[in-house]
Amino acid sequence: MLASSQQSMAAAACARRPASQAEATKTSKAADLAAEVERLKAENEALRAALAGYQQCGPAEVSLEAPAAAAAGEVGAEGAAAAAAGAPAKPALPLAQQLEQGIQWPSPDEGSFWERPPRAAPLPLAPPPGAAGAAQRDPRSVQVVHITAEMAPHAKVGGLGDVVTGLAKACLARGHNVEIMLPYYECLPNDAIEDLRHERDFECPKGKTWDGLFQAGSLRTQAEAYLYFSRACLEYLRQSGRQPDVLHVHEWQASAVPMLFWDAPARFAQDMPRTRVVMTIHNFDSSGECRQDEFSATGVSGELFSTIDKALDERTIGHNPERLCLLKGGIVYSNAVTTVSPNYANETLNGGAAGWLKSTLAAPGVAVKYSGVLNGIDTTFWDPQIDPFLPACYGPQQQEGKALCKRFLQMGLGMTVDPDKPLVAVISRLVPQKGIHLIEHAVHRTIEMGGQFVVLGTGHADSGLRNLAGGHFRDNPDVQMRFMYSEALAHQIYAAADMLLVPSMFEPCGLTQMIALRYGTVPVVRSTGGLADTVKDVDNYQASRAACQGNDMQPNGYVFDGIDAGSLNSALDRAIAAYKGKPEEWAALRGRIMADASRWSWDVAAGSYVDLYNKVLSI
Ligand code: ADP
């Protein structure tokens, strides 16, 4: 457990069963989580083993400045050790050779080559994380309690889990006190969570409707709904005498928290007088529709919130019964509301990204407290200079390892081993949001242009790609698709690929393009949501720069606007042509985007959240 304290785990125990709105969703989600937990356990083991090896070996002694030999790439722990022992130094091998020597090359017959260590011993190129000194600490420590349905890696379905963990870690590093409350899912890997224990039972009201009358009762701490979970979190905080500065709630699942905090007869706000509530919406696609009688799982009648200025779903006015919208309630009652990129915030206010909730966001009291804060990535976990999943590490100044990673993947997947073929990758949930029809088109287009295409993904909209993989491209040595989830293979693909394609129909923030930039893999993206905030076209940069209001970003990828094949071609064709025709410029672009990648770290995003916390605390 990285960000939660004893108390938060005890609070997690307050809801013993996964809570979800519908039993069917709950069952499939629990099954997904259980499968993912198993996968992550295995991968965490591999990561731990590799890191242990890394700690024993230490980084390769690679100087980026002086001695001429090192600058020319003649490096090596071996030579340095000999020098330290006073022995005549053996000439060190060039970096590429050193890296190549330790690789355990895969073959297509091997099957899941990504599940075993790719090298005999790790050879990281940078000092271990943290060696450069502690992160900058903020002058004032804020006590933050996150209330969320997901937390990576133990309870993660999508980006929400990554965001909660990444933000929590970054805030801890800056000196803040962070706790995370999440439901005690049956599938949580108890043995993987340090110091997990039951802290307390407590009474928590839960209402019911009986003969048309609302009645409040209470039950012990077993629950099965996010509504009850929201109430249980507040009860736990109050009954354990806690006074957090900020409750940071996420998505519709925790939206009842601000509603209850400020307006429930139970007067939580009075008992926690200095506490303020911040809400983050990761995707407006799910808004938490809720019948009034369902809301009574909070111990409070839904009638209390059933007005236009509170949580009434305006689309249901005149229906019998009218419904509540939890996301709306969360927006109305929170002291500050964020979404996960500035451009997506703009699309929700001025486009159709928020659907009917656009009018809620535009209300005078809401517009002033709503903003977009760009997510970050965990730049320690995603670092090609130390990544233990990679057959060869590399960085902006030592790019040799990237070509070895490409060869490794081509060999393992049974593709043509050719350093000069541009390798285009997609790593994604395979759902309509992600622009599946454009991914299918891009496979054809890339092959027509002499490239290679790799897909790693899962999702219900995968049938077209499966047909291509098993039909038209079945025997094509330049196309490989894996319909599965694998953290290890994802790392190896980010490192091996020359381009990452993200043609999403909408994308609140998107993490894959930021990870790609970190790995020197040039993003080819559709200009939407956070993709438009993070990728600026190398050929059309003046126009995009004017739109990004003077930030100091450099051009870093290829961007297209439309949702048709021709629009995608307009970016993909340029990228492939540049890769093939201007190798030196391409290498410079690759180095530049890697060198610039610290801008995507959570530390930057955490700074914006800390500013926001301080702002709401001054209200
Ligand atoms: P979303 O949250 O909509 O799925 P994001 O781009 O925000 O999209 O985050 C996706 C995350 O999931 C990234 O870390 C990406 O590497 C990872 N990912 C997606 N699909 C897979 C997969 N099949 N195997 C491994 N990792 C995946």
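Contact here means heavy atoms within 4.5 Å. The model shown in these close-up views is predicted.

**View 1. Helix α7 against helix α8.** In this predicted model, Leu227, Ser230, Arg231 and Leu234 of α7 are in contact with Ala256, Val257, Leu260 and Phe261 of α8. Sorted by class, the residues of this contact comprise six nonpolar, one polar and one charged.

**View 2. The crossing of α7 and α8.** Helix α7 spans residues 226-239, and its axis comes within 9 Å of the axis of α8, with a crossing angle of roughly 50°.

**View 3. The crossing of α8 and α11.** Helix α8 covers residues 256-263 and helix α11 covers residues 326-333. Their axes come within 7 Å and cross at roughly 50°, so α8 and α11 lie oblique to each other. The crossing of α8 and α11 is left-handed.

**View 4. Residues between α8 and α11.** On the side of α8, the contact is made by Pro258, Met259, Trp262 and Asp263. Helix α11 contributes Leu326, Gly329, Gly330 and Tyr333. Five residues of this contact are nonpolar, two are polar and one is charged.

Note on methods
Residues are numbered from 1 along each chain as its sequence is written. This is a predicted model: local features need pLDDT of at least 70, side-chain atom pairs count only at pLDDT 80 or more; totals for chains, interfaces and linings use all residues. Side-chain values use heavy atoms; hydrogens and water are left out. Axes are lines fitted to C-alpha atoms, for helices over the stretch in contact, and angles run from 0 to 180 degrees between N-to-C directions. Helices (H or I, at least four residues) and strands (E, at least two) are DSSP runs, numbered from the N terminus. Angles under 35 degrees count as roughly parallel, over 145 as roughly antiparallel, 65 to 115 as roughly perpendicular and the rest as oblique. A crossing is left-handed if the near helix is turned anticlockwise from the far one by less than a right angle, and right-handed if clockwise. Ala, Val, Leu, Ile, Met, Phe, Trp, Tyr, Cys and Pro count as nonpolar, Asp, Glu, Lys and Arg as charged, and the others, Gly among them, as polar.
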